[in-house]
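Student: Could you take me through the reading of a fold, going from the whole chain down to single residues?
Tutor: Gladly; let us look at the model together.

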Amino acid sequence: MPTPSRNWRETPQRYRFEAGRCRNCGFVAFPPRVICPQCRGRDFETVVLPERGKLASYTVIRVPPQPFADQAPYAVGIVELENGVRVTAQVVDVEFERLQIGLPLRAEFRRVSDDGQAGVIAYGYKFVPA
């Protein structure tokens with residue numbers, strides 16, 4: 001059985017929508033990294049990402065991996081946030097026919113998965129139409 005507290009300790013960005021900004025060159029990395037891919041710097045500050053953006057690309061998953069089998073079909077998109085950072089996330093509360101590049105979206109904190117009968121529920125961000 002996985003350790004219940006491990007999920008939030010290893011991924012604080014999932015719960016607080018945080019990224020790391022390199023203090024040397026200003027590159028924003030999401031999820032946060034140890035080494036900047038632009039300048040190879042190692043000095044980062046934590047920044048909170050904007051909750052609004054637009055759909056840059058998407059796909060509809062009809063044959064999902066096992067942990068998400070009960071959610072199929074579902075849409076996953078690349079969302080370009082207002083500051084230019086791109087994140088991958090599930091797009092919910094919209095009919096697949098309405099999905100289009102440039103669709104305004106906003107992040108919401110939602111249930112992402114659970115660990116079966118152990119009852120451990122993982123939360124994170126998903127995007128909804130703005």
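**Reading the chain, from contacts to residues**

Tutor: Among the contacts in the chain between residues at least 6 apart in sequence, 46% join residues at least 24 apart. Please keep in mind that this is a predicted model.

Student: How many helices and strands does the chain have, and in what order do the elements run from the N terminus on?
Tutor: The chain has two helices and eight strands, and from the N terminus on the elements run α-α-β-β-β-β-β-β-β-β.

Student: How do the strands of a sheet pair, and which three strands form an open sheet here?
Tutor: In general, strands of a sheet pair through backbone hydrogen bonds, and they do so in either a parallel or an antiparallel way. In this model, three strands form an open sheet in the order β2-β1-β3, with antiparallel pairing. β2 (28-29) and β3 (44-48) stand at the edges, and each has a single partner strand, so one side of each is left without a neighbour in the sheet. Strand β1 (residues 18-22) is joined to β3 by five bridges, and within this pair Gly-20 stands opposite Thr-46 in β3.

Student: What share of the residues counts as buried, and which residues have the most contacts inside the largest nonpolar core?
Tutor: Of the 130 residues of the chain, 32% count as buried. The largest nonpolar core has 21 residues, and those with the most contacts inside it are Phe-17, Phe-30, Leu-49, Leu-81, Val-87 and Phe-127. At least two residues of this core come from each of β5 (74-81), β6 (86-91), β7 (104-114) and β8 (121-129).

Student: Why does Phe-109 count as partly exposed?
Tutor: The class lies between buried, under 20% relative accessible area, and exposed, over 50%; Phe-109 is partly exposed because its relative accessible area is 48%.

Student: How should I read Val-60, and which residues does Val-60 touch?
Tutor: Val-60 is found in strand β4 (residues 52-61), and Val-60 counts as partly exposed because its relative accessibility is 23%. Not counting residues up to four places away in sequence, Val-60 touches Pro-73, Tyr-74, Ala-75 and Phe-96. Val-60 and Gly-77 are 17 residues apart in sequence and 8.6 Å apart in space, C-alpha to C-alpha.

Definitions and conventions: Residues are numbered from 1 along each chain as its sequence is written. This is a predicted model: local features need pLDDT of at least 70, side-chain atom pairs count only at pLDDT 80 or more; totals for chains, interfaces and linings use all residues. Side-chain values use heavy atoms; hydrogens and water are left out. Helices (H or I, at least four residues) and strands (E, at least two) are DSSP runs, numbered from the N terminus. Buried means under 20% relative accessible area, exposed over 50%, partly exposed in between (1.4 Å probe, protein chains only). Contact means heavy atoms within 4.5 Å. A nonpolar core is a set of buried Ala, Val, Leu, Ile, Met, Phe, Trp, Tyr and Cys residues joined through side-chain atoms within 4.5 Å. Two strands pair if DSSP finds at least two bridges between them.
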